[in-house]
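The sequence and structure come first.

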Amino acid sequence: MLVMNSISRIYRSETIQTHGLRDFSLTVEQGEFVAVTGPSGSGKSTFLNVAGLLDNFDQGDYLLDGISVKGMNDTQLSSLRNEKIGFIFQNYNLIPDYSIADNVDMPLRYRGFSKAERKERVEYALEKVGLAARLDYLPSQLSGGQQQRVAIARALAGSPKILLADEPTGNLDSLMARQVMELLHRLNQDGTTIIMVTHDPDQAREVNRNVQIVDGQITDAKIYAPVEAKEAANA
Amino acid sequence: MLSYYLKLALINFKRAPSLYALVLLTLSVGVGLVCANYALISVMSGDPIPEKSNQLFHVSMNTWPNENNTHGEPLYILRYRDAMMIEESSIPKHSFVMFETSAYVRDSASASLSRRSGKVRATTHGFFALTNAPFAYGEGFSENTGQVVVIGHNMNQEVFGGGNNVGKTLEIAGELFTVIGILAQWDLRPKYYHATENRAFDQTDDLYIPLETVIDQNWRAQARTSAADSWQHMPQTRERNVYYLQAWVELPTNADKAQFQQYLDNYSQTLKDSGEHPLAIRNELNDVNQWLAKQEVVDDKILAFAIATALFLIVCVFNASSLLLSRFHAGKFEVGLRRAIGASKQQVLMQGMIESTVLGAVISLTAIGLSGLFLALSIEMLPNLRNLAVLNANTLLAGVLLSIVTANLSSFYAIYRANRYTISAELK
Ligand SMILES: Nc1ncnc2c1ncn2[C@@H]1O[C@H](COP(=O)(O)OP(=O)(O)OP(=O)(O)O)[C@@H](O)[C@H]1O
Ligand SMILES: [Mg+2]
């Protein structure tokens with residue numbers, strides 16, 4: 001699904017060079033739910049941005065769903081992003097004066113779907129996140145958890161191959177975070193590949209694969225042991 | 001997609017109505033001024049008779065009888081005998097010689113004795129066919145004599161209140177004239193047949209009267225006159241060296257023109273042979289547009305003003321541009337989001353340009369309204385612009401295009417900036 005080979009991303013300013021990612025290699029299979037953890041400033045967001053084609057990289061190869069993205073122009077990258085990737089942000093990033101339906105509709109507009117198909121997809125996506133009844137609400141009329149679920153519906157509406165989430169529950173209290181996590185698990189069970197950056201060890205533990213980034217690279221050192229390992233240790 | 005972009009444009013306008021109103025006002029004033037100026041220039045430089053402007057020629061000759069001609073060579077005014085020589089030629093398809101004067105007019109059947117002043121074109125009969133003068137009723141005269149008159153639309157309105165008044169009698173300068181023709185509204189800009197003495201933008205004439213009749217009535221030329229002989233009464237000018245007539249000829253082909261030039265030169269040579277042509281032979285035929293260029297009917301002051309208004313418009317564009325840049329900063333997040341969910345730079349650019357174009361279309365309405373206002377104000381201050389200050393189709397089209405272009409220019413920098421930064425920077 002996603003193959004990164006020796007990717008490096010260097011931020012250059014006049015005086016300093018920062019390695020966002022260095023010699024970064026990772027393969028994620030179709031249907032995996034990957035939690036990405038690591039200290040602040042280690043390169044987690046950089047990884048997601050590169051994976052999501054929001055940012056380019058300096059060296060290495062990247063295959064998304066079997067397609068090498070190296071050397072693609074902006075239009076190609078944009079349509080790839082539109083078709084294959086759904087983003088979920090910590091701050092939801094809903095447009096405040098658009099209705100819930102219009103927010104979810106946004107990515108579909110760039111896909112060239114017919115009006116009927118867009119309507120169907122918007123309703124289906126909102127149904128999946130349990131907000132089908134709130135089509136005409138404004139984001140400010142929803143709770144934070146509900147807003148994040150709208151953002152997830154927006155990410156889902158175009159039936160992407162992979163969801164990229166950067167601390168999706170970072171702004172939510174534990175109850176609402178729980179609802180969002182359950183939703184993500186459901187989507188994963190339906191076959192969607194998910195890569196999620198999180199600071200929450202419990203969240204990391206409940207998914208089937210953990211990846212830890214330190215200083216722009218994947219490390220083996222386990223700071224959050226997966227649930228099975230923990231249980232094995234206790235036994 | 002277009003309808004989506006239009007919808008987004010409307011949403012954006014609603015988000016910051018006062019800012020967009022300011023942009024609209026700024027650009028409307030700039031475009032409006034440029035348009036008003038362009039309207040003047042476009043009317044000034046327009047072709048008044050496009051169907052045959054290259055076949056109509058003004059005649060200038062160099063027949064001044066003394067060596068010391070201080071009046072400029074060749075003269076654009078002719079003496080009677082030279083003018084008659086032109087009238088006699090059968091080479092031109094049509095020709096006329098004329099001068100301008102004025103007279104007081106009243107409806108002879110009216111109970112009121114009040115009279116109004118009218119501008120008179122004293123002309124030979126070829127005038128109407130050569131200029132394609134538009135008749136509403138009746139026709140022109142076919143002789144250069146007789147107590148007959150063709151009246152212009154305005155005079156018909158003022159004296160008779162409009163309608164067909166052919167056959168009625170007018171009292172003109174105390175003499176009775178029969179109305180044989182009435183012209184329709186005739187806006188001739190520039191009025192090429194009398195473009196000298198800064199009269200190119202006078203209104204067309206009120207009264208058209210046979211040349212010989214006017215000379216016999218002793219109504220004096222009210223335009224440039226130069227005389228080498230003394231004279232007192234107009235009929236004397238037929239025999240004397242008094243220059244006051246302007247001549248126009250219609251020469252459909254180049255061969256006609258060459259032949260007529262030869263005809264004039266032969267005439268001058270005959271004069272020279274008999275010792276009556278002391279100056280060099282110089283007979284000039286200028287077609288309508290050459291003649292108007294020569295008269296510099298497009299005023300230098302207007303051109304200078306055009307540069308000033310264009311500079312002002314550039315300042316307006318910069319102002320609008322900085323206003324719109326603040327819109328861009330407010331909208332950065334949305335652009336980043338759209339890019340993240342799959343909009344290409346091209347699509348973001350397209351969205352921006354369509355928004356600008358919609359804005360430009362709205363601006364064009366206010367700008368044209370304002371330029372109408374500016375023109376009305378300029379007429380108020382400079383009444384002799386009255387016949388000039390009109391918004392023709394050219395100007396309206398230019399106004400719409402200019403509005404759209406300036407709106408796009410103004411937002412160019414903001415759109416450019418929106419497309420420059422990395423998408424991830426705005427999204428957390
Ligand atoms: N646009 C940028 N310009 C320069 N340096 C950057 C930029 N973005 C990130 N960095 C640097 O790259 C490194 C990795 O940043 P990144 O945002 O990926 O960290 P992170 O793991 O997501 O941290 P956090 O957990 O705090 O979100 C940091 O040192 C950061 O300062
Ligand atoms: Mg981060």
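One aromatic cluster is formed by B:Phe96, B:Phe127, B:Phe128, B:Phe135, B:Phe141, B:Trp186, B:Tyr192, B:Tyr193, B:Tyr208 and B:Trp248. This is a predicted model, in which local features need pLDDT of at least 70 and side-chain atom pairs pLDDT 80 or more, while totals for chains, interfaces and linings use all residues. Residues are numbered from 1 along each chain as its sequence is written, and side-chain values use heavy atoms, without hydrogens and water.

**Aromatic rings**
- Over all chains there are 23 aromatic pairs (Phe, Tyr or Trp rings, the six-membered one for Trp, with centres within 6.5 Å; planes under 30 degrees apart are stacked, over 60 edge-to-face, the rest tilted).
- The ring centres of A:Phe24 and A:Phe47 are 5.1 Å apart and the planes stand at 35 degrees, so this pair is tilted.
- A:Phe24 belongs to strand β2 (residues 17-28) of chain A and A:Phe47 to helix α1 (residues 44-51) of chain A, so the pair ties together parts 23 residues apart in sequence (helices, H or I of at least four residues, and strands, E of at least two, are DSSP runs numbered from the N terminus).
- A:Phe24 and A:Phe47 are both buried (under 20% relative accessible area, with exposed over 50% and partly exposed in between; 1.4 Å probe, protein chains only).

**B:Asn12**
- B:Asn12 sits in helix α1 (residues 2-15) of chain B and is buried at 13% relative accessibility.
- Beyond neighbours within four places in sequence, B:Asn12 contacts B:Tyr20, B:Arg327 and B:Glu355 (heavy atoms within 4.5 Å).

**Cysteines**
- The count is 0 disulfides over all chains (cysteine sulfur atoms within 2.5 Å).
- The sulfur of B:Cys35 is 13 Å from its closest cysteine sulfur, in B:Cys316, too far for a bond.
- B:Cys35 is buried at 3% relative accessibility, and B:Cys316 is buried at 4%.

How values were computed:
Chains are lettered from A and ligands numbered from 1 in the order in which they are written.
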